[in-house]
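Open the model in your viewer and keep the selection panel at hand. We will go from one stop to the next.

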Amino acid sequence: MLVNRSKTQRMHIVEQLGHALDFHIQPLQIRGIPLEMIALTSLVDVGATARRLSEAGREHASDWEELLGALGAEATQEDLVKGLLEGRTLILQPEGTGAAWVQSEVQQLNRPVGTTNNQNILVSSQTGFIEDLTTNIGLIRNELRSPDLKLANIDIGSREKRRILVLSLTNAADPAFVTDIEKALQEHANTPFASLQQVSRWLRSTPRWSPLPSFVKTESPHEVAFFLKKGRIVLLVEGYPEAIVIPVELPDLFIADTDRDYTPVTAFMIIAFRILGALIAIFAPATYVALISVNPDVMKIELIYSIAQSRVGVPYPSLTEALILLFIIEMLFEALVRLPKSIGPAMTMVGGIILGQAVVEANLVSSLLIIIIAASTIANFTVIGYHFTLVIRLWRYIMLLFASIFGPLGIVCGFYLMLSLVSSATLMRHPMIPFKPVTKKE
Amino acid sequence: MRKRVRTGICLLAAWLGCALMTTGCWDYHDINHRTVPVIMGVSKGQEKRYKVSLQIPIPAERKLNVKVVSREASTISEGIDNIRTDVENYIDLLSIQLIVVSQELAREGLQDALTNAIRATAFPPKTLLAVTDSDMEELLSNTKKAITSDITTFYKFANKRAGWTPKTAKANLMESFSSTQSYTQDILLPIIKPGRETVLEFDGSAILKKGKMIGRLSDNETLVVNVITNRFYGADVEVLESASLTIRSAHMHWSSRVTENGPELVGKLNLQTSLSESRIEKPKSEHISDLEKLFLKELEQVTNKLIQTGADPLGLGNHFRSKIPFEKLAQWRSDYYPELKVRYLVDVKINNLGSLVQAE
């Protein structure tokens, strides 16, 4: 269908985009009909597109409509500016009476599919998602060749739209849950998209102030297929090279999809170490403070004296001591994230080895604490997912506070609070701790 | 809405404030500002009733400074308090490993002191108790050197996994206290004195009856007591005329009954032994019968000696708790115990004859 509109159509486009550096408007004559081609050079390879259009045929076309047919053009229906921003190419009659979309030769803006960047995959497929949605779907289909894969498309945003895809496996996922999620996203279709956290708020994760993330992020299509088969729902957000898996369940912290590639015994060992790691990360500094300041008497006498000797001359109470060192470590983490890759190792050297040694020699902290903080920091990263690492980092401080006030009893209190927080966390009435009767999936 | 949030926050702050107030966390002492005495000595003072001595290791960089501080006072807690005033660090008694009581005090009776120690909860109930007949200051100073190099010296004496042998008695504060309250059980305390080459010398054990020391047992008698009370752990070499046998384990099984002539006990002892030295070529069966005879003699001798003193550190009365009415149990020490007849059966097995061939 050809849409004839007044010349203001062209005026409108020029007004909105004419100032842009990449705005391109070019007169062309194809099969004897003069027309104008409009596109954004940053998104469209204009030269190649014009060449292709010119090669459409030699003989003269009788009218505009025949030309469109020959070019395989598509009628314009929506806002022309939006179409241009999406990387489409517009052809206009010089008088501005007719307009149509033609196939663009797109500029290559996406990186090629490669390995994952921030996630190490030991066994299983090494490919990782990229920023392009279509490629990502392709990667998932490559892992999961199933007709049951259901995709729902939701555009979020007021002026600029961001595409979110909701993926689920119809034979595994709870259909009511899928509809709930889609509905919750649809309700906010006109809200500007700001962050993934905002999306998780839309999905009504409770409690609102909870530090626990309501989703797992993964860069691996292999893992996405694993989660889909388990009945989870996967969100793909345009521009994010990660898939978002909802809802999160507690075992996701400790059990990875790739564990199934090991023998059961070794997999069990690895999982046990991850759980132990999380516990050490949370408890070690708190236990130090509780035992040093509040209840040294629960330790063996040998230990009491060896610790007391290592702390001779340390001027601060153990809480201050632990906080000093923890803050240094936290700053080291933050600095390492910002630093270019070439300076990172030097920073680790200065921060970890030199500072650690010097701080002990200056009698600011005891050498035992260095060991404990180091152990706790290493253990922190044994859990799966950076989001959870942050929660553990936070909870370490809460435990430290409790321990310094109430001693070993405080550790128990803090642990109790942590367990109740984890148990009360839900996303769309879906609890984080999945206590439910075992049902066979797939 | 906002008002409700604000009151909520105020309440939360108040609640947290109250919670913080109750903790007393500002009174905590860091580990390097505490001193944890390992041994406490209590003896008779010259002017006042008690003389309390504490051996206090004060942590310094890479070593310990061990001090022995003594103060006289009319009560034990006053004595500790006097020491606390004079020592620079906070004294934490909750890790005390050993309390040594002088023999004079033990003879006067420890019941009150034990009751107070348990009541005050200043000492851990697992603290070991010992009696000494030598000078307390000398004992504590003598052990100073050993403590400086290894803080756990005393602890090791009483530890099954370290230096404890079945020839020494072992009793902790809680056991001693409960024996003073029990109708049917008394306790033995080890007697220690400063050694010349070794840190300590064990000099038998003290028999406590209702918290009062009434006699002593020698090393070997203590071993027998440990065998009878099933506290035999580790190994002990028993020298016979022709051989020496190492006892690997000893177990006693009791059967009790009350007859018209008074209470009767039969103890069946199972000994697992191995042959360590043999002087004359003698068959195994003779070693067995020798050892059985030896043990029978010793068991009967010690039991009779203890029955004569009237104290029951073997806990023989415990076997009659279900057979004598509870109201009469209070008279166990006076009415039943002197009448008690104990018969022993000893069963010896030699499990290991070594690599050499031995005649049957």
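**Before you click**

This is a predicted model: local features need pLDDT of at least 70, side-chain atom pairs count only at pLDDT 80 or more, and totals for chains, interfaces and linings use all residues. Residues are numbered from 1 along each chain as its sequence is written, while chains are lettered from A and ligands numbered from 1 in the order in which they are written.

**Stop 1: chain A**

Select chain A. It has 15 helices and 14 strands (DSSP runs numbered from the N terminus: H or I of at least four residues for helices, E of at least two for strands). Its radius of gyration is 29 Å, well over the 22 Å that the globule rule gives for 442 residues, so chain A is more spread out than a compact globule. That radius is taken over C-alpha atoms, and the rule is 2.2 Å times the number of residues to the power 0.38. Along the principal axes, the C-alpha atoms fill a box of roughly 105 × 50 × 40 Å.

Of the 442 residues in chain A, 33% count as buried (20 or more other C-beta atoms within 10 Å of the residue's own, with C-beta atoms placed from the backbone).

**Stop 2: a sheet in chain B**

Now select S11, S12, S13 and S14 of chain B. They form an open sheet in the order S11-S12-S13-S14, with mixed pairing (strands pair if DSSP finds at least two bridges between them). Strand S11 (236–239) and strand S14 (341–352) of chain B are the edges, each pairing on one side only.

Zoom in on S12 (residues 243–259) and S13 (residues 262–278) of chain B. They pair in the antiparallel sense over 16 bridges. Leu245(B) stands opposite Leu275(B) in S13(B).

**Stop 3: the cores**

Which residues have the most contacts inside the largest nonpolar core? Select Val234(A) and Leu189(B); the core has 148 residues. Such a core is a set of buried Ala, Val, Leu, Ile, Met, Phe, Trp, Tyr and Cys residues joined through C-beta atoms within 7 Å. Helix H9 (residues 264–294) of chain A gives the most to this core, with 12 residues.

Stay on Val234(A). Not counting residues up to four places away in sequence, Val234(A) touches residues including Leu167(A), Phe227(A) and Ile244(A) (contact: C-beta atoms, placed from the backbone, within 7 Å).

Last, select Met37(A), Ile38(A), Leu67(A) and Leu68(A). They are among the residues of a second, separate core of 23 residues.

Definitions and conventions: A residue is buried if 20 or more other C-beta atoms lie within 10 Å of its own, exposed if 12 or fewer, and partly exposed in between; C-beta atoms are placed from the backbone. Two residues are in contact if their C-beta atoms, placed from the backbone, lie within 7 Å.
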